[in-house]
Amino acid sequence: MKRFSFLAIMAGLLCLGGERKQLPGQAGNDGVDLEGSVILTHEEVTEAIGADIGEGYVVVRMKVIPKGDKPLRIGPDDFLMISRKDGQRCTALAPSEIAGKGEMVVKHGTADGSKSSWGVGGMGAGLGSSPGTVQRDVIKGTQMDENAKASPAMAALAAKILPDKETKTPMEGLLYFSINGKLKPKDVALQYKGDAGRLSMEFEKVKK
């Protein structure tokens, strides 16, 4: 009896020392607890963000609870979304990667330098200069059009994203991922790889 009790206590201590058996929407270890809920449909994503960012995005509402004595650095770059349906993988996106300001502008010219102009887009067609000759259109340079207007969704994305910082207190925010296709909670999993170690989160109990 005493031997059984001792083994049971040791087993409990070993479980407490590392990653626990996880429940859907939860993950944790000695350094951090994570609580998340996944948002999959276009309508629900738009409602959560407060702006329409188009189709093809999955959002996770994340709560991070540091457990150590020292501040824990955590941010969107620590998270990876995986689609079990077709293997798509995406690290959490910054607002600028979804609705960033600026547009690529290309400077066109000719091989002999007789023409040079800026314009949006790629290569143009050949330019005739005189009978029997063709001047080849080439790219002379590129730059970002800083006068382009940012998407209206940019402010909403930036306001609600999970902060990237060191903290000793719980914090919450949204994580944005580009994952295509019609998905259910069982089809996606979230991986954390950061200063507190590695964790995996399911959003629906996985059948064995």
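This is a predicted model: local features need pLDDT of at least 70, side-chain atom pairs count only at pLDDT 80 or more; totals for chains, interfaces and linings use all residues.

Tutor: Contact here means heavy atoms within 4.5 Å.

Four strands form an open sheet in the order S1-S2-S3-S13, with antiparallel pairing. Strand S1 (26-28) and S13 stand at the edges with a single partner strand each, so one side of each has no neighbour in the sheet. On average, neighbouring strands of this sheet are turned by 25° against each other, direction ignored.

S3 is joined to strand S2 (residues 32-39) by 8 bridges, and the two run antiparallel. Within this pairing, Met-62 of S3 is the bridge partner of Gly-36, and Glu-35 stands opposite Lys-63 of S3. S3 is also joined to strand S13 (residues 171-178) by 8 bridges, again in an antiparallel arrangement. Here the bridge partner of Val-60 is Leu-175 in S13.

Helix H2 (residues 42-49) lies across S2, S3 and S13 and runs at about 50° to S3. Ile-49, a residue of this helix, touches Val-59, Ala-156, Leu-157, Lys-160, Leu-174 and Tyr-176, residues up to four places away in sequence not being counted.

How far is S3 enclosed by the rest of the structure? Of its 10 residues, 7 are buried, so S3 is largely enclosed by the rest of the structure. In soluble globular proteins, nonpolar side chains tend to be buried together. The largest nonpolar core of this model has 45 residues, and Leu-34, Ile-49, Met-62, Phe-79, Phe-177 and Leu-190 are the members that touch the most others.

Beyond S13, a charged residue deserves mention. Asp-187 lies in the loop between S13 and strand S14 (188-194). Asp-187 is buried yet has no salt bridge, and the nearest side chain of opposite charge, that of Lys-85, is 4.5 Å away. A salt bridge would require a side-chain nitrogen of Lys or Arg within 4 Å of a carboxyl oxygen. Apart from neighbours within four places in sequence, Asp-187 is in contact with Ile-82, Ser-83, Arg-84, Lys-85 and Lys-182.

Technical notes
Residues are numbered from 1 along each chain as its sequence is written. Side-chain values use heavy atoms; hydrogens and water are left out. A nonpolar core is a set of buried Ala, Val, Leu, Ile, Met, Phe, Trp, Tyr and Cys residues joined through side-chain atoms within 4.5 Å. Buried means under 20% relative accessible area, exposed over 50%, partly exposed in between (1.4 Å probe, protein chains only). Two strands pair if DSSP finds at least two bridges between them. Lys and Arg count as positive and Asp and Glu as negative; His and the chain ends are not counted. Axes are lines fitted to C-alpha atoms, for helices over the stretch in contact, and angles run from 0 to 180 degrees between N-to-C directions.
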